Amino acid sequence: MFAIKELKHYTIKMMILGLIWESTVGIFCRGKSTEFEVVSVPECDSVDSNHFTNSDRLGYSKINRKGVSLDQWNLTSQKLIDSFPLDPITENYVRQVRDCIFSAVHPEPFNSAVKLVAVSKEVVEDLLDLDLSITETKEFIQFVSGAQILAGSVPLTHRYGGHQFGIWVGQLGDGRAHLLGAYTNRHGIRWELQLKGSGKTPYSRDGDGRAVLRSSVREFLCSEALNYLGIPTTRAASLVVSNDDIKRDQFYNGSVKNEKGAIVLRVAKSWFRFGSLEILAYSGETELLRKLVDFIIKLHFPLINVTSSNRYLEFFAQVVTDTSYLIAQWMSVGFAHGVCNTDNFSVLSVTLDYGPFGFMDFYDPNSVPNTSDDEGRYKIGNQASVGRYNLDKLRKALKSLLNHKQQLLAEQILKGYPDLYQTKLMELFKAKLGLIGHDNNDDYLIAYLLKEYWAIQDLARHKKFSYWINLYLSRLNRNKLDSDEARKIRMENVNPRYILRNWMAESANKKSERSDFSEVRLLQKILRHPFSKQTEAEEAGYSSRPPSWARELRVSCSS
């Protein structure tokens, strides 16, 4: 029989375990296997007709100034066209391109009718100043499927290169994407709109320029999901699907199948990536490289003086810092990008180009989401070191713009990357555990918790549980002014209850293949509020252990 003191101590342990359990789902699984039932939701969020009026002559509502007609919506490609030389060849065929940043190429509309299956209300209304009702119009569907080019838009495809799986592969580029132009919203923020899956370009190599439905669903959902987790990312405005047959060998095993084609309208402040600079450096186009970096600094790095002789060094330093923070944020929710090539790393340090990504189902640093990654180069536990590798390639791309002293300083800046990453990661995990202030043993406490293959729901059975929980209790006791309730609130606000696990995306995809997009919309709705407990999500099993069939899931580069 427990003594009173021992009972009290045991009760505190259980309370602490429960608190951690309830608020660290971003990395750890919990609960038991469950069957789930999907609850249908409407195709689009409803619009309160009493809240919006569409009578304004300029095409904007009188209350929120939301556009109700694309005719009055100012999309333009002019800044990019004026800033850089265009590819002089206007014919659309696969080729090596030089001495330019963009080629002017129109999207290829689908042959069959398209259907709008998902939209992001927040992107449409908050970023693009459009009334949600516009998404129900024919002109909008034509626009987001590449069938209609708006006035002011000159569709562009971007030339870039990259190191893929550690090997320089030369020219890559937008092989199935078209940059439609930029829109500056009512807050003065400039957003570039790009279609993905919209047809062949000079950079398509052996591809058909299309994207299939399964990968487009995953990109649409995950780009929005990461945004609501507070992680920098490109956004997705809409998803359309066609009945065009797209042939894919999903696992590169000779099994070619017909799949439905889809297009995502993606939105970002910039689509420039490390490979944008690399291709120019490798091709010896130094002045064009200088012009591009100056453009990026002037438009996206306002704290850097564009006339300073140290501007390229400052730019590199900022990208090193921001990239280290981004990868730490990925790790804090168990997100593995899957293909961390230099052409998939943004110079603005936002999550870019969703392919075979995956959230861990249990803590395993050797988790490899991409079945095409035979050597596990991009396993989740290797993302931080790959980030450093990519930054080193960016450093080398900038080398011709730096004098000798600046080149040495760039090397020193890069040496600081591990500390930047580790500091940010510990900061995020301290918040997850409700720790405030600083303690010299915090790193040890967190590292011990994340010992390989631990899972939070198994802690109580682990032989080292008592040892760790005593460390944790001792650490909490040093925050005399803190309380359990305040800590609980903090932890719940930084630890997501719902993340887009592969089995959830796969379930939505299986239904989508049958033209049932109810789970796509349900997931979109749930993942807008990942930190809040939601009845529909609980009924669907989204906070439980993955079902047994999830162990067999495979995701590849084929999309």
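Modeller: Before we start, two residues are in contact when they have heavy atoms within 4.5 Å. Please also keep in mind that this is a predicted model.

Biologist: Is Thr201 buried or exposed, and what is its relative accessible area?

Modeller: Residues under 20% relative accessible area count as buried. Thr201 falls under that cut-off, so it is buried, and its relative accessible area is 1%.

Biologist: Which backbone nitrogen lies 3.4 Å from a polar atom of the side chain of Glu125?

Modeller: Glu125 sits in helix α3 (residues 121–127). With a relative accessible area of 6%, Glu125 is buried. At 3.4 Å from a polar atom of its side chain is the backbone nitrogen of Leu132.

Biologist: Let's turn to the core. In the largest nonpolar core, which residues touch the most other members?

Modeller: In soluble globular proteins, nonpolar side chains tend to be buried together. Here the largest nonpolar core holds 112 residues. The members that touch the most others are Leu277, Phe315, Leu500 and Tyr542.

Biologist: Which helix gives the largest share of this core?

Modeller: The core's residues can be grouped by the element they come from. The largest share is 11 residues, and it comes from residues 311–332, helix α8.

Biologist: Which residues are in contact with Leu277, leaving aside its neighbours within four places in sequence?

Modeller: Leu277 is one of the residues that touch the most other core members. Once neighbours within four places in sequence are set aside, its contacts are Leu289, Leu292, Val293, Ile296, Phe315, Val347, Leu394, Ala397 and Leu398.

Biologist: How many residues are in the other core, the one that includes Val124?

Modeller: This other core lies apart from the largest one. Among its members are Val124, Val144, Ala237 and Val240. Its count of residues is 27.

Biologist: At roughly what angle do the axes of α12 and α13 cross?

Modeller: Helix α12 (residues 442–449) and helix α13 (residues 465–477) have axes that come within 11 Å. Asp442, Tyr444, Leu445, Tyr448 and Leu449 of α12 meet Tyr467, Trp468, Leu471, Tyr472 and Arg475 of α13. The crossing is left-handed. Its angle is roughly 145°.

Biologist: What is phi of Phe165, roughly?

Modeller: Most residues other than glycine have a negative phi. Phe165 is in the loop between β4 (161–164) and β5 (167–171), and at 31% relative accessibility it is partly exposed. Phe165 has a positive phi, near 50°.

Biologist: And about what value does phi of Ser515 take?

Modeller: Ser515 belongs to the loop between α15 (502–513) and α16 (518–527). It is partly exposed, with a relative accessible area of 43%. Although Ser515 is not a glycine, its phi is positive, at about 65°.

Biologist: What distance separates the C-alpha atoms of Asp71 and Ala151?

Modeller: Asp71 is found in the loop between α1 (4–23) and α2 (78–83). Its relative accessible area is 65%, so Asp71 counts as exposed. Asp71 and Ala151 are 80 residues apart along the chain, and their C-alpha atoms are separated by 7.9 Å.

Biologist: Which residues does Leu299 contact, leaving aside neighbours within four places in sequence?

Modeller: Leu299 is part of helix α7 (residues 286–300). With a relative accessible area of 28%, Leu299 is partly exposed. Beyond four places in sequence, its contacts are Lys79 and Arg190.

Technical notes: Residues are numbered from 1 along each chain as its sequence is written. This is a predicted model: local features need pLDDT of at least 70, side-chain atom pairs count only at pLDDT 80 or more; totals for chains, interfaces and linings use all residues. Side-chain values use heavy atoms; hydrogens and water are left out. A nonpolar core is a set of buried Ala, Val, Leu, Ile, Met, Phe, Trp, Tyr and Cys residues joined through side-chain atoms within 4.5 Å. Buried means under 20% relative accessible area, exposed over 50%, partly exposed in between (1.4 Å probe, protein chains only). Helices (H or I, at least four residues) and strands (E, at least two) are DSSP runs, numbered from the N terminus. A polar contact is a pair of N or O atoms within 3.5 Å; within protein, one must be able to donate a hydrogen and the other to accept it, and residues adjacent in sequence count only if both atoms are side-chain atoms. Axes are lines fitted to C-alpha atoms, for helices over the stretch in contact, and angles run from 0 to 180 degrees between N-to-C directions. A crossing is left-handed if the near helix is turned anticlockwise from the far one by less than a right angle, and right-handed if clockwise.
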